[in-house]
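Please look over the sequence and the structure before reading on.

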Amino acid sequence: MRLSVSLLLVTLTLGFFEANAVPCPELLKECTEFIIAPEELYKVELSKFNAPPEAVEARLEVKECVDRISWITKAQLIKIMDTRISAATWKGFNVLP
């Protein structure tokens with residue numbers, strides 16, 4: 001439970017830019033894949049950032065912990081992130097490409 005709350009707080013903290021509370025779509029996509037994608041597919045996603053191997057390995061280590069979160073909790077996290085997108089779009093912001 002603690003990991004899911006921490007992950008949610010980090011996602012919410014990093015997911016907003018330009019001080020207008022509009023979530024960054026690319027960050028939300030990456031966070032969603034971090035939560036639900038299998039490790040093999042997530043490695044492909046990480047490769048687009050050209051990160052050092054140590055950073056990729058550290059991220060995958062954290063992903064192993066996230067993979068142990070129940071699917072119900074993962075679905076709740078995704079729903080919360082989706083709610084933020086819907087709220088921002090409803091307020092007149094276009095967050096989708």
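Glu 39 has a relative accessible area of 23%, so Glu 39 is partly exposed (buried means under 20% relative accessible area, exposed over 50%, and partly exposed in between, with a 1.4 Å probe and protein chains only). Lys 43, at 43% relative accessibility, is partly exposed too. The side chains of these two residues, Glu 39 and Lys 43, form a salt bridge, at 4.0 Å from N to O. A salt bridge is a side-chain nitrogen of Lys or Arg within 4 Å of a carboxyl oxygen of Asp or Glu. Because Glu 39 and Lys 43 lie 4 residues apart in helix H3, about one helical turn separates them. Helices (H or I, at least four residues) and strands (E, at least two) are DSSP runs, numbered from the N terminus.

## Basis of the model

This is a predicted model, in which local features need pLDDT of at least 70 and side-chain atom pairs count only at pLDDT 80 or more, while totals for chains, interfaces and linings use all residues. Residues are numbered from 1 along each chain as its sequence is written, and side-chain values use heavy atoms, leaving out hydrogens and water.

## Other salt bridges

The structure has 6 salt bridges. One of them joins Arg 59 to Glu 30, with the closest N and O atoms 3.2 Å apart. This pair links distant parts of the chain, since Arg 59 is in helix H4 and Glu 30 is in helix H2, 29 residues apart. Arg 59 is partly exposed, with a relative accessible area of 31%, whereas Glu 30 counts as buried at 9%.

Lys 48 and Glu 45 form another salt bridge, and their closest N and O atoms are 2.8 Å apart.

## Helix H2 and Glu 30

Helix H2 covers residues 25-36, and Glu 30 lies in it. With 12 residues at 1.5 Å a residue, H2 should span 16 Å, and its end C-alpha atoms are 16 Å apart, which agrees; the expected span is 1.5 Å times one less than the number of residues. Which residues of H2 are buried? They are Leu 28, Glu 30, Cys 31, Phe 34 and Ile 35. They cover an arc of only 160° around the axis, so they are on the same side of H2; the arc is that of the directions from the helix axis to the C-beta atoms.

Beyond its neighbours within four places in sequence, Glu 30 is in contact (heavy atoms within 4.5 Å) with Tyr 42, Glu 45, Leu 46, Phe 49 and Arg 59.

## The nonpolar core

A nonpolar core is a set of buried Ala, Val, Leu, Ile, Met, Phe, Trp, Tyr and Cys residues joined through side-chain atoms within 4.5 Å. The largest one has 13 residues, and those touching the most other members are Leu 7, Phe 34, Ile 35, Tyr 42, Val 66, Leu 77 and Met 81. At least two residues of this core come from each of H1 (2-14), H2, H3 (39-47), H4 (53-66) and H5 (71-90). H2 gives the most, with 4 residues.

## Confidence

The chain has a mean pLDDT (the predictor's confidence in each residue, from 0 to 100) of 76, and 67% of its residues reach 70 or more. Confidence is highest in H4, at 91, and lowest in strand S1 (residues 16-17), at a mean of 53. Over residues 90-97, pLDDT stays under 50. Where pLDDT is low, the predicted coordinates should not be read in detail.
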